[in-house]
Amino acid sequence: MNLDAWNDVASQVEAMKKTNLRTLFKEDPARAGRFTVEAAGWMLDFSKNLITPKLMRKLIALAEASDVKGWIDKMFSGSKINETENRAVLHTALRCRPDRPVYVDGKNVMPGVRATLERMGAFADKVRRGHWLGFTGKRIKYIINIGIGGSDLGPCMATMALQAFSKRNIKVFFVSNVDPTHLAETLRCVKAEQTLFIVASKTFTTQETMTNAKSARDWLVSELGDEKAVARHFVAVSTNEEKVKAFGIDPENMFGFWDWVGGRYSLPSAVGLSLMISIGQKNFQKMLKGYNKMDRHFQTAQLNRNIPVILALLGILYNNGFGAQTYAVLPYSQYLSRLPAYLQQLDMESNGKSVDRSGRRVNCQTGPIVWGEPGTNGQHAFYQLLHQGTKLVPADFIGFCKTHNALGDQHDKLMANFFAQTEALAFGKTADEVRKEGVPEKLVPHKTFEGNRPTNTLLAEELTPETFGALIAMYEHKVFVQGIIWNIFSFDQWGVQLGKVLATTVLSELKEPNVPMLHHDSSTNALIRRYRATLGRRQ
Ligand code: F6P
């Protein structure tokens with residue numbers, strides 16, 4: 001991180017610690033308007049943050065000193081900013097207008113993007129209209145997406161988010177865990193004759209996905225009694241045609257994407273096929289339009305009016321200036337239940353790094369721990385700590401003015417809770433206010449709320465494919481900006497490798513019929529022996 005620019009921010013943080021949100025709101029009646037920005041159907045009210053106009057200017061200066069604008073241009077123009085993998089980072093091309101060329105290594109990638117979208121659309125239509133038939137001639141009623149990480153969390157989260165736009169007579173399931181329970185329990189809900197498996201894996205080598213895919217194929221063949229059934233019940237989404245062929249899926253039934261799309265950024269690529277079957281190609285296109293609107297905003301808006309940039313800077317303020325270890329994502333929308341899980345991968349896999357772009361130890365704290373649950377559920381579980389605990393937990397509150405499910409005044413109640421929570425967190429309740437209510441002195445400290453707990457409010461008119469796409473793009477770009485400022489590479493994920501390699505060795509030791517030679521530490525050796533003994537394997 002640029003420490004000169006950061007030190008300017010830090011000096012303002014010290015000033016900020018001497019005041020609070022009550023005072024700041026009292027002193028500036030225009031504060032809410034001053035700290036509100038709108039783009040792509042979203043309104044960000046960031047006035048309930050621990051900021052002053054001066055502190056915001058210092059944060060913007062930090063972004064400028066880190067050349068955020070320059071990096072944005074590099075990303076959109078296809079530079080290989082994923083240096084450790086020598087790749088461009090062009091998920092934005094997936095939602096670009098197809099007539100605008102985007103070049104990687106001198107080649108326009110847009111015709112390929114358009115062709116894949118068209119093939120996906122034609123396939124999704126066939127399945128939705130009942131024209132793609134299973135091996136025994138029945139229409140498809142169940143989709144099972146087999147994938148993990150970026151090949152699961154995105155489509156799974158989005159299919160739930162856009163359920164209101166879905167074709168309700170097609171049920172979409174997501175199997176990710178190598179725990180056999182995940183697949184087995186899912187298979188109990190479907191009929192082989194009417195099930196289509198989408199095997200989604202960028203590399204087509206991921207242990208969990210390939211294992212589940214093989215078990216699913218064995219199940220299908222045994223249920224339908226013919227190997228030939230696989231061709232009607234399995235399609236693949238991958239960048240690796242060779243491996244798809246080797247698995248036994250005809251490349252005709254493969255939907256490709258490219259190495260310049262990171263797994264956790266791949267929802268708008270062919271990885272979204274399950275979503276497209278659920279909501280249809282028109283709604284999928286609307287989602288891409290929403291992504292694109294936020295992309296345009298990010299690319300063109302001034303830094304101080306730029307929603308992803310502002311969110312990134314506020315996150316850095318708490319992470320680096322106030323020592324916050326975590327931040328909470330609190331969607332007041334049951335449809336967005338899986339958003340926190342999705343953002344965990346997006347943020348923690350991108351910015352969970354401790355060396356900088358030159359390979360040296362970073363000079364600052366990097367990515368936070370991301371967590372959250374939908375409101376109002378969280379209010380009855382962990383909000384106690386948010387209000388009165390010793391830890392500062394900045395939070396994003398996300399909600400919609402209109403509901404898809406009008407039931408009495410339920411939506412009003414939901415949103416009343418949303419607005420009341422950010423108010424309570426910001427302004428709390430003083431000891432004097434508690435006393436005035438006649439609370440006995442002994443209980444006053446317990447019923448006092450310090451307040452001054454920062455939140456962002458993200459509000460849109462309605463959850464639609466467009467506002468949804470814009471929301472996801474907003475977070476993608478926020479994470480990117482934070483990585484730029486922390487001077488780390490956000491688009492690789494080398495930290496997932498070691499565990500994968502060790503698991504291969506341990507697996508062979510668990511399964512080895514003879515007594516295996518164990519060369520681990522005493523704890524790991526003992527665990528392996530215990531497992532083998534429990535299953536009656538030789539010791
Ligand atoms: O192990 C992490 C990871 O590589 C993620 O980055 C990725 O989204 C996930 O595994 C799945 O990878 P694939 O799509 O290649 O199966």
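Two strands are taken to pair if DSSP finds at least two bridges between them, and strands (E, at least two residues) and helices (H or I, at least four) are DSSP runs numbered from the N terminus. With that in hand, tyrosine 142 turns up opposite lysine 171 in E6. The model is a predicted one, so to speak of local features takes a pLDDT of at least 70, side-chain atom pairs count only at pLDDT 80 or more, and totals for chains, interfaces and linings use all residues. Residues are numbered from 1 along each chain as its sequence is written, and side-chain values use heavy atoms, with hydrogens and water left out.

Strand E5 (residues 142–146) and E6 run parallel, joined by five bridges. E6 itself spans residues 171–175, with lysine 171 among them. Four of the five residues in E6 are buried, which leaves the strand mostly covered; buried here means under 20% relative accessible area, exposed means over 50%, and partly exposed is what falls in between (1.4 Å probe, protein chains only). Lysine 171 has a relative accessible area of 47%, so this residue is partly exposed.

Lysine 171 also belongs to a positive surface patch, along with Lys141, Arg168 and Lys191. Patch members need over 30% relative accessible area and no salt bridge, with like charges joined within 9 Å and nonpolar side chains (Val, Leu, Ile, Met, Phe, Trp, Tyr) within 5 Å. The areas come from the Shrake-Rupley method with a 1.4 Å probe, and for residues only the protein chains shown count as cover. Lys and Arg count as positive and Asp and Glu as negative, while His and the chain ends are not counted. Each charge is placed at NZ of Lys, CZ of Arg, CG of Asp or CD of Glu.

Elsewhere, E1 (residues 36–39) and E2 (residues 42–45) pair in the antiparallel sense over four bridges, and valine 37 has leucine 44 in E2 as its bridge partner. Two residues separate these strands, which form a hairpin. Alanine 40 sits in the loop between E1 and E2, and its phi is near 50 degrees, a positive value in a residue other than glycine. At 22% relative accessibility, alanine 40 is partly exposed. On its other partner, E2 is joined by four bridges to strand E13 (residues 455–460), and the two run antiparallel. Within that pairing, methionine 43 stands opposite leucine 459 in E13.

Salt bridges come next, each being a side-chain nitrogen of Lys or Arg within 4 Å of a carboxyl oxygen of Asp or Glu. The structure holds 24 of them. In one, the side chains of arginine 87 and aspartate 259 meet at 3.8 Å, N to O. This pair links distant parts of the chain, 172 residues apart: arginine 87 is in the loop between helix H5 (68–76) and strand E3 (103–104), and aspartate 259 in the loop between strand E9 (254–256) and helix H12 (273–300). Both ends are partly exposed, arginine 87 at 24% relative accessible area and aspartate 259 at 41%. Glu85 joins Arg87 and Asp259 in a network of salt bridges.

Glutamate 193 and lysine 138 make another such contact, at 3.3 Å, N to O. Glutamate 193 is in the loop between helix H8 (180–187) and strand E7 (195–200) and lysine 138 in the loop between helix H6 (110–129) and E5, so the pair ties together parts 55 residues apart in sequence. A further salt bridge brings together lysine 228 and aspartate 226 (3.8 Å, N to O). Lysine 228 is exposed at 60% relative accessible area, whereas aspartate 226 is partly exposed at 24%.

As for the buried residues, methionine 294 in helix H12 has 0% relative accessibility.

Most residues other than glycine have a negative phi, and most peptide bonds are trans. Phenylalanine 204, however, has a positive phi near 60 degrees; this residue lies in the loop between E7 and helix H9 (207–224) and is buried at 3% relative accessibility. A cis peptide bond, with omega about 10 degrees, joins glycine 375 and threonine 376, and threonine 376 lies in the loop between strand E11 (369–371) and helix H15 (383–388).
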